[in-house]
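Opening the notebook on this one.

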Amino acid sequence: MGWRGGKGATDTRGGSYPVAVTVSLRLLGPGSWRGEPITSSRSRVLLALLAGAPAGLTTERLAGDVWPDEAPANPAKAVQVLVSRARAALGPDTIERTATGYRLAVPPDDVDVRYAARLARERAARLAGGDASGALSAATEGLGLWDAGPADPDVVDALLGTPLDLASTSRSLRHTRALALAALGRPAEALPELRALLAESPGDDVLRAAMLRAQAAVVGRASALELYEAHRRDLRDRLG
C-alpha cells in the first residue's frame, strides 16, 4: 500500500472533493514516483503499459507501443535501455524481467490508475448492494486521485481499451458518486453531477430518474415534471 495524503482534490471536470489519495506511482497528472517527477514521457508510457497488463508484456509488444510511429533499429535493446532508466528512477525491484518481457512489480494499490480502477469496481458492488455510504466513500476517494490534473495524453492512449481506461474509470466513479448522493438524501449536491453526466449520456435512464427526483426536491415538482415532459416529447419525436 502507498502512503495517503489529506489535502483537497479535484476531478477531471473541476469538481472539488474532500478526500485526496497519495500513492507511490502516479501516472495521473505529470507523473511521479514517491513525489519525485518522472520527467521522461517514454518512461511514463512504459509504466502505463505495464500497469495495464498485470501479467506483463513482451519486449516486442512494448517496443511497438512505446515507439508506434518509428521502431528503433534494435527494439529489444531500446526497451532494455528504457527499462533500465525507469528502474534507476523508481528502484531496481519495480520492474521485473519475465520469460518474454517485463512486468510491473509495484503493488496494485500503490499505482494510482490501478487503485482507481479497483475503487470503481468496489463502489459499483457497494451501490448495488445498497451501501450508498460506502459507495460514496469509495467513489470520492477514487476521484481524489485526479488531484494532480489529467494524465499525459500518451499515458491516456497507453491505457485506452485496458481495464484501467481512464475515461471509463473516471466516469464510473462520477456515476456512482452522483447516484450515492441522491440515495443518501443529498439532492442539492447530487443534482449538478447528475446533470453533467446526463449531458454526456442522455440515454441513461437510471441517471435521468435520479436527476428528476433531485430536481423535484431542489427546484420543485413542477420543474421536474416539465423536464420529464420535454424528455417524453423528445423520445416520441425520435422513436415514435
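I'm working from a predicted model, where local features need pLDDT of at least 70, side-chain atom pairs count only at pLDDT 80 or more, and totals for chains, interfaces and linings use all residues. Numbering starts from 1 along each chain as its sequence is written, and side-chain values use heavy atoms, with hydrogens and water left out.

Helices. I took helices (H or I, at least four residues) and strands (E, at least two) as DSSP runs, numbered from the N terminus. How do helix 1 and helix 2 cross? The axes of helix 1 (residues 41-51) and helix 2 (residues 59-66) come within 10 Å and cross at roughly 130 degrees; axes are lines fitted to C-alpha atoms, for helices over the stretch in contact, with angles running from 0 to 180 degrees between N-to-C directions. Looking up which residues touch (heavy atoms within 4.5 Å), I found Arg42, Val45, Leu46, Leu49 and Leu50 on helix 1, against Leu62, Asp65 and Val66 on helix 2.

Burial next. Nine of the 11 residues of helix 1 are buried, so I note helix 1 as largely enclosed by the rest of the structure; buried means under 20% relative accessible area with a 1.4 Å probe, protein chains only. Among them are Ser43, Arg44 and Ala51.

Three strands make an open sheet, ordered 3-4-5, with antiparallel pairing; a pair needs at least two DSSP bridges between the strands. Strand 3 (25-26) and strand 5 (36-37) are at the edges with a single partner strand each, so one side of each has no neighbour in the sheet. I count two bridges joining strand 3 to strand 4 (residues 32-33). Arginine 26 has serine 32 of strand 4 as its bridge partner.

Definitions and conventions:
Buried means under 20% relative accessible area, exposed over 50%, partly exposed in between (1.4 Å probe, protein chains only).
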